[in-house]
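Please consult the sequence and the structure below alongside the text.

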Amino acid sequence: MALKITVIGTGYLGATHAAAMAELGFEVLGLDVVPEKIDKLRRGEVPMYEPGLEELLRRHVAGIEGSTGRLRFTMDWAELGEFGDVHFVCVNTPQRHGEYACDMSYVDSAIASLAPHLKGPALVVGKSTVPVGSADRLAAYLAEHAPAGADAELAWNPEFLREGFAVQDTLRPDRIVVGVRSERSEKLLREVYATPVEEGSPFVVTDFPTAELVKTSANSFLATKISFINAMAELCEATGGDVTKLAEAIGYDDRIGRKFLRAGIGFGGGCLPKDIRAFMARAGELGADQALTFLREIDSINMRQRGRMVELTRQELGGGPFLGKRVAVLGATFKPDSDDVRDSPALNVAGQIHLQGGQVTVYDPKGMDNARSIFPTLGYADSALEAVRGAHVVLHLTEWREFRELDPAELGEVAAERVVLDGRNALDAEAWRRAGWRFRAMGRPGA
Ligand code: UDX
């Protein structure tokens, strides 16, 4: 009999995981505590923009014409406990208000709600990003509170999906990491992931703390790579060097590699910033804070880039206050192919200039509603062209393909001044210069 799978929490991670599990052929039951989310998912609608996810969901959600019917949603914990052999916990772990540490309340409450309904053998699999040591604590909780006792086991299986690529990263992960304490858990997880493993995804079996650490250390490494190249961008600016050439040249060394060496206004989003902070906080609790003090510098290099972009803009506008200056901002999301504006460097820069008196007009292909809801006082336009109309300076802050495909000559017709600042080192400088624009970018020589 095929395994029955449940997914607790239906955000980016959970909705994608649930749809992917159905795609792999399992019967899946998803649960969320927010009724609006469940209503939407039952209609086959995704509560966020993620390429390919809606199609995948609609292929499997029960009740949708032509679907396999393998994926259903509920808000009932008893039904969930009864249904599943393997329960994936996919709730979020945000930064705690006013602290660096991570807020475990959603994970804790998911486990507490599930435990009383585990009456027979079951495997609970944590996918959320948690402080190292959490799995050990939660396993003990389950053994004590589930009627099945020690037959209610725990495993930890961190998730590495990138927003914008969530579907492909979930169906064909570049690695599957499972922290387990028994052969039975390992066997069940090998069954769950049999298809991607057959298709070549490496399967790495570890203990609990290693599995937890893999996730936070991977994100710390990525954050370090980005801040490293941004520090080099600062040096390039001080010396007249070009950070894009530097990144290309060091990237040919395959020990270094070219990926994640794009200098600019830095990283944001719902993961990297909060994960490195939570990691530092946890290291402090463990008395190992010295090992991670470098992350403090990574964080501050990153945050500094936002301020540097504001200053570069000020310089290009003549060096004085922003009052009376019209600034077009292309991009609001923290990265392209997403509508996520959490800790978005682009919105941060737009907000700083606006709060200093600039007349900011933002355009983003998918992030407008989310941006408006967290920053209602900024100006918004329905297209790049409208945002640029009458602007004294244009800032390119999220590297959407749409922006690379803009015609600089056409934009030049409507801008008040032809000055563009590339905060993502992604535009074709020569094309803009040919169309009469003054082109500046972070870590590169001026026009
Ligand atoms: C990240 C991890 O990549 C993923 O493995 C983990 O599961 C969750 O966190 P995500 O938040 O989707 O994924 O974003 P990512 O693609 O890593 O980008 C993070 C930020 O770094 C973005 O703001 C992006 O613009 C920025 N970035 C990325 C750079 O500034 N330069 C680069 O070279 C690469």
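The points that follow are grouped by topic.

The model is a predicted one, in which local features need pLDDT of at least 70 and side-chain atom pairs count only at pLDDT 80 or more, whereas totals for chains, interfaces and linings use all residues. Residues are numbered from 1 along each chain as its sequence is written, and side-chain values use heavy atoms, with hydrogens and water left out.

**Ligand surroundings**

- Around the ligand there are 20 residues, of which F160, E163, R262, F334 and K335 come nearest; a residue counts as near if one of its heavy atoms lies within 4 Å of the molecule.
- By class, this shell comprises 10 nonpolar, three polar and seven charged residues. Nonpolar here covers Ala, Val, Leu, Ile, Met, Phe, Trp, Tyr, Cys and Pro, charged covers Asp, Glu, Lys and Arg, and polar covers the others, Gly among them.
- Domain 1 (4-206) and domain 2 (242-447) each supply at least three residues to the shell; the domain bounds come from an automatic or database domain assignment.
- Helix α10 (residues 208-239) gives the most to the shell, with four residues. Helices (H or I, at least four residues) and strands (E, at least two) are DSSP runs, numbered from the N terminus.

- In one of them, an oxygen atom of the ligand lies 2.9 Å from a backbone N or O atom of L161.
- A polar backbone atom of F334 is 2.8 Å from an oxygen atom of the ligand.
- The side chain of K335 places an N or O atom 2.8 Å from a ligand oxygen atom.
- Of the 670 Å² of accessible area that the ligand has on its own, the protein covers 94%; accessible areas come from the Shrake-Rupley method with a 1.4 Å probe, and for residues only the protein chains shown count as cover.

**Cysteines**

- The structure holds zero disulfides, a disulfide being a pair of cysteine sulfur atoms within 2.5 Å.
- C90 is buried at 6% relative accessibility, whereas C271 is partly exposed at 33%. Buried means under 20% relative accessible area, exposed over 50% and partly exposed in between (1.4 Å probe, protein chains only).

**Positive phi angles**

- Most residues other than glycine have a negative phi.
- F260, although not a glycine, has a positive phi of about 60°. F260 sits in the loop between α11 (243-251) and α12 (272-285) and is partly exposed at 40% relative accessibility.
- N425, also not a glycine, has a positive phi of about 45°. N425 belongs to the loop between β13 (419-422) and α19 (429-434) and is buried, with a relative accessible area of 11%.

**Residue pairs and C-alpha separations**

- E153, in strand β6 (residues 152-156), is buried at 15% relative accessibility.
- Y363, in strand β10 (residues 359-363), is buried at 9% relative accessibility. Y363 and D382 are 19 residues apart along the chain, and their C-alpha atoms are separated by 6.4 Å.

Terms used. A polar contact is a pair of N or O atoms within 3.5 Å; within protein, one must be able to donate a hydrogen and the other to accept it, and residues adjacent in sequence count only if both atoms are side-chain atoms.
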